[in-house]
Amino acid sequence: MAGGNERSMRALKEVWKRAENSLCADCGKPDPDWASSTLGVFICLSCSGIHRNIPSISKVKSLKMDYWDDAQVQFLAKHGNAVTKAIYEAHIPIYYYQPTYNDCQVLREQWIRAKYERKEFTEPGKQLPYSDGVKEGILWKRGRDNGQFLPRKFLLSEREGCLKYFTKLDAKEPKINVKIDVINATFQPEKIGNPNGLQITYLKDNKTRNVFVYHESGKEVVDWFNAIRSVQFHYLKVAFPIASDNEIKNRLTRNFLKEGYMEKTGPKQREAFKKRWFTLDHRRLMYFKDPLDAFAKGEVFVGSGENGYSIQKGLPSGTQGNFSWHYGITIVTPDREYLFTCETETDQLEWIRAFTSVINQAMTPQEYASKCLDAVSFPS
């Protein structure tokens, strides 16, 4: 009996060591140490918890702590991540967002359920709830002034190339009507205080506007997210006919590069530093008095190094404004210097890395045009 167990463990380790099984099949996290004995995939601890919630589809076991019999090991050897992904991920739409281990729970859970439970990607041309080019429904939206979440009707239309929302279910005119090419959407469960919280951002008069929504159903809110990406993808295919699918995919919704509190001072650099919430959305650095503000109090364009932008650790000598945080950052632009302080050295280094990643990228023609239009900067 002991010999059989040892033989099974040796065979299990051999399958486990295959290169295809070195990353979690669902989120890409390195060194997965769990597996599904019914699906044949190697997964990380976090994704194994999601699999446990669909026991009719997947039964998971630890590769280190649980016993695997010969039949289960042979099943893993016959399948593994490559074979199983070829089945369950055979026809993923190019626009569908495939989450990583850095993404929130609702995205990862719905990705796993879409693959194995609903089998959304096993057949070509399958009708999907986010692929129709139109989506209509109720989302709970946070009020701009009172902060209360109330049900609002939203309508997404590929034909019209826009997203609308209505304050009343029977309203004929929308409260907003936003062109799809100026919209971003990113999941913000912690900021919004709801596991299904979604932040929709759009530009109006070249200023950023935030809308915070959620839905009780994780599936529904992720369907909305991928519907926005679907409509954006098809809009951009028409707008940029010579661009490749991957080029267009990279222009769809994006996560913010960095968010968090810093202190800032005004353009004279003698004013007291004030604590504000900052969001770096690629080349737009915005600040808000509160993380859930609908409008940014100020924005600044962050260009490339070859255009005179740079990032410096610390504050210029002789900075006069009073500040309570002591880990400084200076952003140098062709027009002026922007001074910030961070609470910890870790925050400082993370912000510097985020700014550096933007400054090191060459600017596109569209970004040059955006800079010319953007006359907004940080007020005092």
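Guide: In this predicted model, Asp26, Lys85, Glu89 and Lys115 are linked in a network of salt bridges. Side chains of opposite charge can pair when their charged atoms come close. Aspartate 26, one of the members of the network, sits in the loop that runs between α1 (2-16) and β1 (34-36). With a relative accessible area of 3%, aspartate 26 falls under the 20% limit and is therefore classed as buried.

The surroundings of aspartate 26 can be listed in some detail. When neighbours within four places in sequence are set aside, its contacts are Ile43, Cys47, His51, Pro99, Trp111, Ile112, Lys115 and Tyr116.

Aspartate 33 has a relative accessibility of 21% and so counts as partly exposed. Lysine 64, at 60%, counts as exposed.

Two further pairs may be set beside these. Glutamate 120 and arginine 118 meet through their side chains in a salt bridge with an N to O distance of 2.7 Å. Glutamate 120 is buried at 5% relative accessibility, whereas arginine 118 is partly exposed at 23%. Aspartate 223 pairs with lysine 219 in a salt bridge whose closest N and O atoms are 2.7 Å apart. Because aspartate 223 and lysine 219 stand four residues apart in helix α7 (residues 218-239), about one helical turn separates them. Aspartate 223 is buried, with a relative accessible area of 3%, while lysine 219 is partly exposed, with 28%.

The domain assignment divides the protein chain into domain 1 (1-117), domain 2 (134-250) and domain 3 (258-376). The C-alpha centres of domain 2 and domain 3 are 27 Å apart, and their contact takes 14 residues from domain 2 and 18 residues from domain 3. About 1,300 Å² is buried between domain 2 and domain 3, with carbon and sulfur atoms giving 50% of this area. On the side of domain 2, Lys191, Asn206 and Thr208 supply 43% of the area buried against domain 3, more than any other three residues.

The rule finds one salt bridge across the interface of domain 2 and domain 3, and lysine 191 forms a salt bridge with glutamate 259, with the closest N and O atoms 2.7 Å apart. Six residue pairs are in polar contact between domain 2 and domain 3, with both residues at pLDDT 80 or more. On the side of domain 2 that touches domain 3, α6 (189-192) and β10 (207-214) each supply at least two residues. β10 gives the most to that side, with five residues. By class, the side of domain 2 that touches domain 3 has four nonpolar, five polar and five charged residues.

Leucine 339 lies in strand β17 (residues 337-342) and is buried, with a relative accessible area of 2%. Beyond residues up to four places away in sequence, leucine 339 touches Glu263, Lys264, Thr265, Gln269, Phe273, Leu315, Pro316, Thr319, Ile329 and Thr330.

For the protein chain overall, the secondary structure comes to ten helices and 17 strands. Buried residues make up 48% of its 380 residues. Of the contacts between residues at least 6 apart in sequence, 54% join residues at least 24 apart. Taken along the principal axes, the C-alpha atoms fill a box of roughly 80 × 55 × 45 Å.

Terms used
Residues are numbered from 1 along each chain as its sequence is written. This is a predicted model: local features need pLDDT of at least 70, side-chain atom pairs count only at pLDDT 80 or more; totals for chains, interfaces and linings use all residues. Side-chain values use heavy atoms; hydrogens and water are left out. Domain bounds come from an automatic or database domain assignment. Contact means heavy atoms within 4.5 Å. Buried area is the accessible area (1.4 Å probe) that two parts lose on being put together, summed over both. A salt bridge is a side-chain nitrogen of Lys or Arg within 4 Å of a carboxyl oxygen of Asp or Glu. A polar contact is a pair of N or O atoms within 3.5 Å; within protein, one must be able to donate a hydrogen and the other to accept it, and residues adjacent in sequence count only if both atoms are side-chain atoms. Ala, Val, Leu, Ile, Met, Phe, Trp, Tyr, Cys and Pro count as nonpolar, Asp, Glu, Lys and Arg as charged, and the others, Gly among them, as polar. Buried means under 20% relative accessible area, exposed over 50%, partly exposed in between (1.4 Å probe, protein chains only).
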